[in-house]
Amino acid sequence: MKPLVSNDSISLKSHPRQQSSRNFLIRFILGGTTLIVSISAYFSYLAARNMALADIQKNAFLEVQTGVDQIEAWLSVRKVEVKTLANTPAVRSLDWAVAEPYLKTEVERIKEFFLFQMSIADGSYYTTKSGRANNNVKDREYFQQGIAGKSSVSDPFISRSTGIPLIAIATPILSTSNSPIGVFHGSVKVDHITKVINSLTYGKNSYAFALNSQGEAIVHPDSTLISTTEKPAPSLLKINNHSLQAIAQRMVNKQQGIELMAIDGKQKYIAYVPLKAANWSVALVIPRENIESRLQFLDLIALIVGGLTITMITVLWRVQAFEQAQLKKSKEAADLANHAKSEFLANMSHELRTPLNGILGCAQILQRSSKLPEQERHHINIIEQCGSHLLTLINDILDLAKIEAKKLELHGEDVHFPSFIQGIAEICQIRAAQKDILFIYEPASNLPTWVHIDAKRLRQVLLNLLGNAIKFTDHGQVKLKVETIEESSNQKPVNHRIRYCIEDTGIGITDAELSKIFLPFEQVGEKKRQTEGTGLGLAITRQLVQMMGSDIHVTSQVGKGSTFWFELEIVATNEWLQSIMTTSVRKIIGFEGNPRRILIVDDRWENRIVLNDLLQPLGFEVMEAVNGQDGLEQAIAISPDLIITDLLMPEMDGFTLIQNLRQIPQFENIKIIVSSASVFESDQHRSLAVGGDDFLSKPIQANELLRQLERHLNLVWIYEPSESENQPISDLITQNNSLSAQLITPQAEVLQELMTLAKKGNFNAIIKCADQIEAEDTNFATFAHQLRQLARQFDEDAILDFLTKYEVEMA
C-alpha cells in the first residue's frame with residue numbers, strides 16, 4: 001500500500017522554500033554590497049567635489065590677492081617718495097618761494113604724482129598746480145592725521161583746487177626737534193588703482209570693485225556708484241540689496257573670504273580681501289558657473305554611479321516583490337492585532353469596571369442588612385468576593401499593560417507621611433484580624449512629616465506586599481517596619497532614604513519558587529491559596545518599585561516565614577501648607593461672610609491635627625469628636641455648618657453616624673464630607689449612598705478639601721494681595737508617631753511666663769512663644785501644638801488650666 005504522501009512530493013514542496021531562502025540570501029548579499037559600494041562612492045564623490053571646489057575657490061581668492069598685492073606695492077613706493085620729499089630742507093622750511101621750484105621739478109620727474117601740496121599748521125596750503133590756495137584743508141582726514149604725526153593714504157576725494165578725484169599720500173613735515181609743523185602730501189589719480197582692479201577677472205561676466213572705509217566705491221563697473229563733482233558716491237552699506245550690503249559690511253570691517261550669495265538675481269561667488277596700506281578692500285564677483293563648471297566631470301561620474309545604483313536596487317526590488325508583499329500582509333495583520341489589543345485594554349475599564357463597581361456597591365449594602373436570611377447572605381458574599389476578584393484582575397492586567405507599554409507615569413504629590421502609612425496599617429490590621437493573626441506596625445521616630453511621593457502607587461506596592469503576607473500567614477504575625485536609614489540634611493530640599501520591611505511568620509517560599517515569584521501569572525504555594533490571587537500582584541509591584549528607582553529584595557525560609565523589603569529616596573517638603581493654600585500665585589487667607597462651624601469626627605488625633613491646622617487659620621470654627629457617638633452628640637449640641645467624618649471608628653462608625661444624622665430633621669440637608677484611608681471604591685460608594693455629600697481620600701489633599709468646602713458652603717475666598725505680605729498661616733507640627741508618647745513640657749520659668757501672658761489676654765504672644773519653644777526643641781512639639789490650639793480659640797481659662805496642670809506636675 002502506497003503512502004498518501006510520497007518522499008518525492010515532500011522534496012518538491014521543500015525545494016521552493018530552500019530555493020527561496022537561497023535567493024533571498026543572494027539578493028541580500030548583492031543588495032548590501034551594492035548599497036555599501038554606492039554609499040562609499042557617494043561620500044567619496046562629495047569629498048572629492050568639496051576638495052576640488054575648495055581648490056578652485058582658493059584660485060579665485062588668489063586672483064584677488066594678486067591685485068591687492070600689486071596695489072600695496074605701488075602705494076608703498078609712493079609713500080617712500082613722499083616721505084623723502086617731506087624731509088628735504090626746502091619743504092621743511094615751509095617757505096613756498098623756496099619749496100615751489102624744487103617740488104615742480106620733482107613732480108615732472110616722478111610721473112605718478114598729479115601734484116604736490118604743502119600745508120601749514122593752520123590748514124592753509126600751496127600746490128604745484130595753483131600755488132597758494134584760497135581754501136583750507138583743516139577738515140581733511142589726511143591733514144588731521146599728518147599734523148598729529150602720522151602718515152596715511154586717504155580715501156579718494158574730489159580736489160577743491162582742481163575738481164579731479166585724487167588720493168592723498170600724506171606725511172608730517174617735522175621740525176628740527178621732530179615735531180609736526182605742517183603736512184606734505186602727494187596726490188595721485190585713481191587711474192592706476194582702476195587699471196589694476198579692472199584687470200582682475202575669473203571667466204566670463206566676472207568683475208572686480210574696490211570700496212573705501214565708508215563702503216563707497218573707489219572703482220566699480222557701475223559708474224553711478226562712483227563719486228563726481230555733482231554728487232557724492234552712495235555707500236553700499238545703505239543700498240537695498242541685502243547681499244551686497246552684507247558683503248560691504250564685511251569689507252569695511254577688513255574681513256576676507258569667499259562666499260556664494262544672490263547678486264543681481266543670480267547665485268555668484270564673491271571673493272574679498274582688505275588692503276594693509278590703506279583702509280580699502282577689493283572684491284571679485286564671479287558667476288557660479290565659472291567655478292562649478294570645472295566640476296562637471298565629477299558630477300557626471302556621480303550621476304552614472306547613482307543611475308547604476310538605482311537600476312540595481314530596482315531590479316532587486318522587483319525580484320523581491322512577492323516576498324515583500326507577504327511581509328507587508330503579515331505586518332498589517334500584526335498591527336491590526338496590536339490595535340485591537342490596545343482598543344480592548346482602553347475600553348475594558350469603562351465597560352467592565354463601571355458595572356462591577358455598581359455590583360460591589362450593592363453587595364456591600366446588602367451585606368449590612370439584618371433582614372437577609374443566611375442563605376441569601378451567603379450568595380451576596382459570593383457575589384462580593386467574585387466581583388472583587390474580577391475587579392482586581394482587571395486592574396492588574398491594565399496596570400501590567402501600561403507598564404509594558406511604558407505608558408504608566410508616576411505623579412508626585414505632597415502628603416502627610418505618618419498619616420499615609422497609618423492608613424495603610426489600619427487597612428491591613430482589619431484584614432489580619434479577620435484571620436485571627438497579629439498585625440504589628442513599627443514606625444521609626446525619625447520619619448519625615450511631609451513628603452513628595454506618588455501616593456497611589458506607593459500605597460499599591462505596600463498593600464500588595466502586606467496582602468500577600470497576610471494571605472500566606474495562618475498563625476503568628478505580620479509586621480510592617482518603616483524607618484529612615486539615611487538623611488541628606490546638608491542639602492535643600494532634604495532627601496530621606498526610607499526602608500519598608502514586611503515580615504511574616506507564614507508558610508515561606510522555597511528556593512526554586514523564589515526565582516519565579518515576580519513573573520506575571522506565576523503563583524506559588526498551595527493550589528488552594530493560588531485561587532485567591534491573579535498572579536500579577538508581585539510582577540506589578542516589582543516593576544512599580546523599579547520605576548521609583550529601587551528594587552524589591554526577599555529572603556524566606558520554608559515553614560518560618562518571609563521578609564520583603566525595599567528602599568526609596570523621597571523628598572521632604574517643608575512648605576506644604578504654603579503651597580497647598582495657594583491658587584495660581586494667589587494665597588488663600590480667609591473667606592467672606594460670617595464664620596463657619598465645622599465638626600471633625602475622627603478617632604485618630606493625627607488626622608484631626610492636620611485638619612485643625614489647615615482650617616482654623618482661615619477663620620473656621622473647628623470642633624472635634626473622637627468617634628461616631630461623640631460626633632452625633634456634638635452635632636446635636638452645636639449644629640455645625642458642615643461635618644467631616646471618618647468611616648472606621650470605635651463605638652459608632654461613619655456609616656452609622658451619617659444614617660443617624662439624616663434621620664434627624666435639622667440635619668437632613670447638612671453637608672457631610674466622608675474622609676477615609678480606604679482605597680476600596682465600594683466604601684466610597686457606600687458612604688455616598690447612606691447620605692454623604694462628597695468623598696475625600698486620605699491622606700488629605702488640601703486643594704481638594706478647599707474646593708469641596710467652597711462648593712458645599714458657597715464660600716468666596718479672600719486672597720492675600722501680594723507676595724510681600726505673605727505670612728505663615730500656621731506651623732505644621734512634627735508628629736510623634738508613637739501613640740503612647742508622653743507630653744514633654746518646658747521649664748517652670750517658661751510655664752510661668754506663659755501664664756502671665758494668658759492672664760493679660762495676649763494670645764498672639766502665646767502663639768509666638770509656642771513657636772519659639774518648638775523651634776528650640778522638637779520634643780516640645782506636642783505641648784506647643786496644644787498651646788497654639790487653645791490660643792487660637794481665645795480661651796483664657798482653658799489655657800490657664802492647661803498650664804496650671806503641668807506646673808503642678810513639675811512641682
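Visitor: How many salt bridges does the structure hold?

Guide: The structure holds 15 salt bridges. Keep in mind as we go that this is a predicted model. The general idea is that side chains of opposite charge can pair when their charged atoms come close. Let's take a few cases in turn.

Visitor: Gladly. Which residue does R109 meet in a salt bridge?

Guide: The partner of R109 is E106, with a distance of 2.5 Å from N to O. Both residues belong to helix 3 (residues 96-109), where they sit 3 residues apart, about one turn of the helix.

Visitor: Is R109 buried or exposed? And what about E106?

Guide: To read this, recall that buried means under 20% relative accessible area and exposed means over 50%. R109 has a relative accessibility of 56%, so R109 counts as exposed. E106 has a relative accessible area of 10%, so E106 is buried.

Visitor: Now for a pair from separate elements. Where do E442 and K479 lie?

Guide: First, the contact: E442 and K479 form a salt bridge whose closest N and O atoms are 3.5 Å apart. E442 is in strand 14 (residues 438-443) and K479 is in strand 16 (residues 477-488), so this pair ties together parts that are 37 residues apart in sequence. As for cover, E442 counts as partly exposed because its relative accessibility is 33%. K479, at 16% relative accessibility, counts as buried.

Visitor: Which strands hold R497 and E569?

Guide: The side chains of R497 and E569 meet in a salt bridge, 3.3 Å from N to O. R497 is in strand 17 (residues 495-504) and E569 is in strand 19 (residues 561-572), so the pair links distant parts of the chain, 72 residues apart. R497 is partly exposed, with a relative accessible area of 22%, and E569 is also partly exposed, at 48%.

Visitor: How does the lining of the second largest pocket divide by class?

Guide: The lining has 15 nonpolar, 11 polar and 6 charged residues.

Visitor: And on the surface, which residues form a nonpolar patch?

Guide: Look for L300, L303, I304 and L308, which together have about 430 Å² of accessible area. One of them, I304, has its place in helix 8 (residues 296-319). I304 counts as partly exposed because its relative accessibility is 47%.

Visitor: For contrast, let's visit A170. Where is A170 found, and is A170 buried or exposed?

Guide: A170 is in strand 6 (residues 165-174). With a relative accessible area of 2%, A170 is buried.

Visitor: What separation do the C-alpha atoms of A170 and M118 have?

Guide: Their C-alpha atoms are separated by 9.8 Å, and the two residues are 52 residues apart along the chain.

Note on methods
Residues are numbered from 1 along each chain as its sequence is written. This is a predicted model: local features need pLDDT of at least 70, side-chain atom pairs count only at pLDDT 80 or more; totals for chains, interfaces and linings use all residues. Side-chain values use heavy atoms; hydrogens and water are left out. Patches are made of residues with over 30% relative accessible area and no salt bridge: like charges are joined within 9 Å, nonpolar side chains (Val, Leu, Ile, Met, Phe, Trp, Tyr) within 5 Å. Accessible areas come from the Shrake-Rupley method with a 1.4 Å probe; for residues, only the protein chains shown count as cover. A salt bridge is a side-chain nitrogen of Lys or Arg within 4 Å of a carboxyl oxygen of Asp or Glu. Helices (H or I, at least four residues) and strands (E, at least two) are DSSP runs, numbered from the N terminus. Buried means under 20% relative accessible area, exposed over 50%, partly exposed in between (1.4 Å probe, protein chains only). Ala, Val, Leu, Ile, Met, Phe, Trp, Tyr, Cys and Pro count as nonpolar, Asp, Glu, Lys and Arg as charged, and the others, Gly among them, as polar.
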